[in-house]
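Hello,

Here is the structure we talked about. Please open it and keep it beside this email while you read.

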Amino acid sequence: MWHLTIMIGKNTMLNKSTDNLKIFLFDSSCDLKELQQSMENKNSLVITFDYESHKLLNENNINHEISDIYLNRLDLETIQKKSYELVEWFKKEKSNELEYKGINIGSIMRVEFNYFLVPFLKNFVSIIKICQTNDTAEFVASISLYEILKTLTNNVKKLNENSVTKEEFYYDSVTIPLKIKNHSFSLKLSKSKFLKLKNISEKSIHLLFGPTNLHMNEKSILLVEFDPVKYRQFFSSMSKSMSNVILYNRRRPAIWNSNSYTIIKKSNCKIATLNDLADKNLERNVKDGESLVEEKISSVLLNTVFFKSFFSIYNYSFWQIIEKKFKNLLKKRFLEAIKEIEITNKLFEKYIFSSIVVMSEIGTTEQIVVKLAKKHLIPVVLLQFGMNFDDETEGTNNMNKFQGVFPVDSDEVIAVSYTHLTLPTTP
């Protein structure tokens, strides 16, 4: 989860004359050679906006400031608090219009939207302060920072005129940790490639561990997004349980190596996958749902007056800057959400659950499962592993709420340790 910190570097506020001052706003998307060629004016100032660019300029002995020095503690607290308010936009504007089968599409994207908002707001407020401090300066900025600057001043140019930034959201890619002998590394895949590989692997998983042999009237306990390796002791206790257990992992594969395979096999746990739930009715329901929700969202987004007023900080609106990206994110995630809702709905139609166990209420799968469980009158248990932050400040309280530490929709919460994790009793 994003939280705010101030980057500290060896370069601090530089003494520059404000006469004919040229300020370069530099980040990791910029080209160093172009910056060096553009710094013809001796009275110039370079400000970096991320650690990579700060490190690069240090290595090349280019004096610069760090954008963090323009922010004080109150700014950081304001940005963090504001981000929590802004991701709840769906509660302010025609909330019922964004619902599909009782699930708010805006709520599903709030975590990912927060990943985008926090660094954006940090840059936005920094640039406001920079402009206020240097109101007569000429600015040259990277493409992303240029979009902010042009809403605050007319005296701005792009640093990399011909460069193009690729639009990528936080959940558009998946990082997979790998280890070969004593060497650890990670592999980054696009979400689409990851899902293709996951779907291929789940064909075998369905044949080996699918819940197809369960009796239709036989009740089961549903586990949502559990890692069998991380919770191996929990899974080992399942073999002694009289309850049927079904594991439902939509974000991560239930089995990915020999260790996870062995744990699942010994646990007698069944695994529900798309192979068990997909049919022609599901495909038709997804298409109908997409058409319905797309029309609703288009209607909501027409209210530009609301969005311009709501998306603001320190009386500066930034809706114009984020509008396109916000709409693209919303469209992309609502298409995915409709599919996930229909798949999960099919799961509830096919199997009978006595209870459902989740470790969070903020994940996409968890939100959908919990809301549909309410409709089916199935009790939900939230496993509580302790607070992520335990001081009593307002900021900490907001962060714990946002990260799902406090139960909102669950019927019960169980405080547990990793070594004392057991299945809830089947009613």
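A salt bridge is a side-chain nitrogen of Lys or Arg within 4 Å of a carboxyl oxygen of Asp or Glu. Keep that in mind for what follows. Note too that this is a predicted model.

Salt bridges come first. The whole structure holds 22 of them.

Start with helix α7, residues 191-209, where both Glu-202 and Lys-198 lie. Their side chains meet in a salt bridge, 2.6 Å from N to O. The two are 4 residues apart, about one turn of the helix. Both Glu-202 and Lys-198 are buried.

Now look at helix α13. Lys-327 and Glu-323 lie there, also 4 residues apart. They form a salt bridge at 2.8 Å, N to O. Lys-327 is partly exposed because its relative accessibility is 28%, a value between the cut-offs of 20% and 50%. Glu-323 is partly exposed as well, at 22%.

Next, find Glu-112 and Arg-333. Their closest N and O atoms are 2.5 Å apart, in a salt bridge. Glu-112 sits in helix α5 (residues 110-133) and Arg-333 in helix α13 (residues 319-350), so the pair ties together parts 221 residues apart in sequence. Both residues are buried. They also belong to a network of salt bridges, with Asp-172, Lys-191, Lys-332 and Glu-336.

Last, the surface. Leu-178, Ile-180, Phe-185 and Leu-187 make a nonpolar patch there. Together they have about 340 Å² of accessible area. Strands β8 (173-180) and β9 (183-190) each give two or more residues to the patch. Phe-185 lies in β9 and is partly exposed, at 39% relative accessible area.

Best wishes

Methods. Residues are numbered from 1 along each chain as its sequence is written. This is a predicted model: local features need pLDDT of at least 70, side-chain atom pairs count only at pLDDT 80 or more; totals for chains, interfaces and linings use all residues. Side-chain values use heavy atoms; hydrogens and water are left out. Patches are made of residues with over 30% relative accessible area and no salt bridge: like charges are joined within 9 Å, nonpolar side chains (Val, Leu, Ile, Met, Phe, Trp, Tyr) within 5 Å. Accessible areas come from the Shrake-Rupley method with a 1.4 Å probe; for residues, only the protein chains shown count as cover. Buried means under 20% relative accessible area, exposed over 50%, partly exposed in between (1.4 Å probe, protein chains only).
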